[in-house]
Amino acid sequence: MENAMQAPDQTSIGDNKSKISHVKKLLFRRMLVGVNDGRFFMGAFYCMDKQGNIILQDAVEYRSTRRSSPSPMEQRGLGLILIPSSCRTSCHVDCSIDEQLSLLSLQVQK
Amino acid sequence: MEENSSNGVEEQESANKEAAYVPVLNPSIPSGEQTVWADVSSLLDSARNDLRDGELIHGENFNLFAAMSALEIMDPKMDSGIVCRYYSVDEAIEDGAAPIPLSLNKTVDVHCIIDVMDHLLSCEATWHKGHSLAQTIFSCIYLLRPERTPSHALLHSYCTVIRSTCNAIISAVSDARTHEEEDLFTITSGLPLKKDGDEKCLSLLNVIEETVSRQLHACKAPSHKKRAIEDIEPLQTNLDLEEGYCKAVLCRLRFRKHFYHVLVCLRRPQGRGLDLARKHIASCLVELQSILKTAEFLRSNSRYGMCEDGMEDSMTASGCQPIGFDSTLNSRLSAPTPPRAIKILSWKKAVEYFQKLLHDLEAICSHPLDPSFEGVLRFVVEFQKLQPDLVARSHLQLLLVQDGKLYGRDPIFDVICKAAAVPEITKIHDIQKNESFVHLGQLVITLLKILCTNAAWQRRQLGKVLQDWRIIHMQLELALRKEFEESSSTSIDENLCMKIYKHVLNWVEEQTYWIAFRFLILGFELELYSPSEYCMVYWYLYVVLIKLGEKMHFRMITSTETGKRKGKKKKESVKDVARDQSIPPAVLLLQCHIYLAEGLTLMIAALRNEHGSFQCQGPFNTEQERFIQHFELLQRASIPDHISYYSFRDYTTHAQFDSLVMCNYFKEAQRIAKELRSSFSNDANKLAELRHIEQVAEHNGIALNLVSQLGSLDPSLKVSFEFNHHPHFATAVVKRS
């Protein structure tokens, strides 16, 4: 039992702890969150709660100048922001291709 | 995984029917070099389920308190970038939100332009009241893209004059530099406020006014003349409505023309443009009346407008909504947090606002540019009773103080010398280079500027400068002593120099006490005192007024002496002698105030001592603490000297009703006020003041008698204090509870 608990995260499957610790590994990484009025916010992943609300640090707001893409984007800095889960439509993290593969495999395994 | 993401996209589309296709990722937001955007939403979702209630995923150095300050996205109070209808001004224009011309149907076009003009007036009034340009005038898309309007003469000329007017007002308020209102008023960043060609706004207006005038003339001409004038294209195509629309357009154009002239004339240096400004103000008021009259016609033709508000407080004369306005497009130009929500004034209220503004500006123009400092103070105090708004007050300040001179023409040093009744000598000018005198000049200018601000700000600033005036008095006193010690001979120069210092010292003290007096009475205007504090306020007013009276009297006596010396060659008539020996009317008027303050102090003190009412008790602080809080600034500046809470307590501890002294104060005030009527027969304001004093004195005398005779016998008698006869001297009202 102890061995299983101490096993490295990548090999444990469906272990409750590892999901949270995987998310913890994403902290302070560049995150891109889309909201339901079409805007995007990019910032450092700072915090998340049980409801799925996300706080980004040094966030920048990206806004298209036309509803239909493609169109030039305007951006402005907002600082520390909270994005409620109710308006969040997408969430991406900037990572290497290897990491992306391991993340994909993680999600398939659930 | 791919199934999940496509489902995600579909969910978005169905969830947000308002929005069109919302892309999951935008290629314009690149990831890093050799990195990609990896979708983590399902990872986050499954991790969520594993969290306990209240558990957060966060790193080291996480600060919950700091996290609480995060801006919440999609909360209208915190997120200024929420997309309402359009992503940008350009998108709005492409969608047809601000068409040019407003309609291909000329009647609709004209009607809609009038609605735009009216709504801009409402926005302008709202801006003047203290809101930001971005949320008011520049909610107009036509103004946000000024390069689009030249093809439409009427719209273009109107937009140009609006911009020019705004610039004129912003420059006036900025130059006055009071910073009293929120700085929102003068923030213009990101707004297209200045365009080439704006300086020609008047000629543009003239051209279009001329055209519409001819159109009006043409439509009123009897039919046989029409042939000659037929080559004039009408304003719009419905001949029955031509006269009405022409008139509606003309009075609006003319109002703007005259209003712009008013602003330009008011800024002419040394008050040279005041008379012309008055004429333009009169024209503005005439045009505003005409504009109001057009409302009925426009309302009856509201079918030519966009769509009806159906509101009582519509922002246009016709009751239609105007084309081309969107206040959300600008919200991103301000700070990350959105500006507070504002309500644009209704059109009727906007017209009323401009009528009041024009009347206030007219009051400024009527000022005879009185070179006496006392006259200026009197004028400003009277003007402030109109409760003028920022624009009017800024223009008053700009008139009074220009280039460090009164009205831009009288050097401050000369004004001070005249006010202090300093004897005139030719060699006076060396003194004005003295550091203390220079500083005094600056204090006087600052005082004039402060007196032009709104009541709350004014009181705060007056309290703050009290110490500066105290210090300058000390500095001047030191300088005087130095002169006295250093001068060995008694040359005429030195004697006069000393006289100047003495006169100025007295005048400085007089002004200091006047500032203290104004500080105290503004507290009544701002309702800063509770009835339990009236006693200490009136007492402090009484001690300040006594000092003020002393200084004023001294000044007047020494000035008549100087005058006497000058006029030695003239024969002194009996009248002159009599007048010299009596107390000047201004001092007697002050004496009335002193009596009222004394009477009220003792009356309230007696009520406390004998009936236990108006006690200054509370769970939070003692009467002494309240005394200190109210009069801290005065005490710190030692105004007056040797006055403390204990002086107040000693004065009031033994006040009782059966003392006749109290009654006499009110009687005396009434008597003197009656006698002064003849001295101020030319001054309507002073006569009104005397009337009010008499009323207060009379009513208080009666109340005093009532309470002192019946108070102890009838405990149901309750006394309250109202300000129904005088703004700062209360009248006692006795009722049975």
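This is a predicted model: local features need pLDDT of at least 70, side-chain atom pairs count only at pLDDT 80 or more; totals for chains, interfaces and linings use all residues.
1. Arg460(B) lies over the face of Trp457(B), 5.8 Å from the ring centre.

2. Overall make-up of chain B. The chain holds 25 helices and eight strands. It has 737 residues, and 52% of them count as buried. Its accessible surface is about 36,100 Å². Carbon and sulfur atoms account for 52% of that surface. Consider contacts between residues at least 6 apart in sequence: in chain B, 76% of these join residues at least 24 apart.

3. Helix α7(B). This helix covers residues 153-176 of chain B. Its 24 residues should span 34 Å at 1.5 Å a residue, and the end C-alpha atoms are 35 Å apart, which agrees. Is α7(B) enclosed or open? Of its 24 residues, 20 are buried, so the helix is largely enclosed by the rest of the structure. Arg177(B) follows α7(B). The phi of Arg177(B) is positive, near 50°.

4. Helix α11(B), length and bend. Residues 274-300 of chain B form this helix, 27 residues in all. From first C-alpha to last it reaches 40 Å, close to the 39 Å expected at 1.5 Å a residue. Where is the kink in α11(B) centred? It is centred on Thr294(B), and the angle is about 30°. Thr294(B) is also among the buried residues of the helix.

5. Helix α11(B), packing. The buried set includes Leu274(B), Ala277(B), Ile281(B), Leu285(B), Leu288(B), Ile291(B) and Leu298(B). His280(B), Cys284(B) and Glu287(B) are buried too. Which helices do these buried residues pack against? The partners in chain B are α5 (106-128), α10 (242-266), α12 (347-365) and α14 (390-400).

6. Aromatic pairs around Phe524(B). Over all chains the count of aromatic pairs comes to 33. One of them is Phe524(B) with Tyr534(B), a tilted pair: 5.9 Å centre to centre, with 50° between the planes. Phe524(B) belongs to helix α18 (residues 492-525) and Tyr534(B) to helix α19 (residues 534-566), both of chain B. The two residues are ten apart, and the pair links distant parts of the chain. Phe524(B) and Tyr534(B) are both buried.

7. Why does the pair of Phe524(B) and Tyr538(B) count as stacked? The ring planes are at 25°, and planes under 30 degrees apart count as stacked. The ring centres are 5.2 Å apart. Here too the pair links α18 of chain B, through Phe524(B), with α19 of chain B, through Tyr538(B). These residues are 14 apart. Both are buried.

8. Which residues do ring pairs link with Phe524(B), Tyr534(B) and Tyr538(B)? The cluster also takes in Tyr529(B), Phe614(B), Phe721(B), Phe723(B) and Phe729(B).

9. Thr558(B). This residue is placed in helix α19 of chain B. Is Thr558(B) buried or exposed? Its relative accessibility is 11%, so it counts as buried; the cut-off is under 20%. Asn609(B) lies 51 residues from Thr558(B) along the chain, and the C-alpha atoms of the two are separated by 43 Å.

Key:
Residues are numbered from 1 along each chain as its sequence is written. Chains are lettered from A and ligands numbered from 1 in the order in which they are written. Side-chain values use heavy atoms; hydrogens and water are left out. Helices (H or I, at least four residues) and strands (E, at least two) are DSSP runs, numbered from the N terminus. The expected span of a helix is 1.5 Å times one less than its number of residues. The bend at a residue is the angle between axes fitted to the seven residues ending there and the seven starting there. Buried means under 20% relative accessible area, exposed over 50%, partly exposed in between (1.4 Å probe, protein chains only). Contact means heavy atoms within 4.5 Å. Rings of Phe, Tyr and Trp (its six-membered ring) pair if their centres lie within 6.5 Å; planes under 30 degrees apart count as stacked, over 60 as edge-to-face and the rest as tilted. A charge sits over a ring if NZ of Lys or CZ of Arg is within 6 Å of the ring centre and within 35 degrees of the ring normal. Accessible areas come from the Shrake-Rupley method with a 1.4 Å probe; for residues, only the protein chains shown count as cover.
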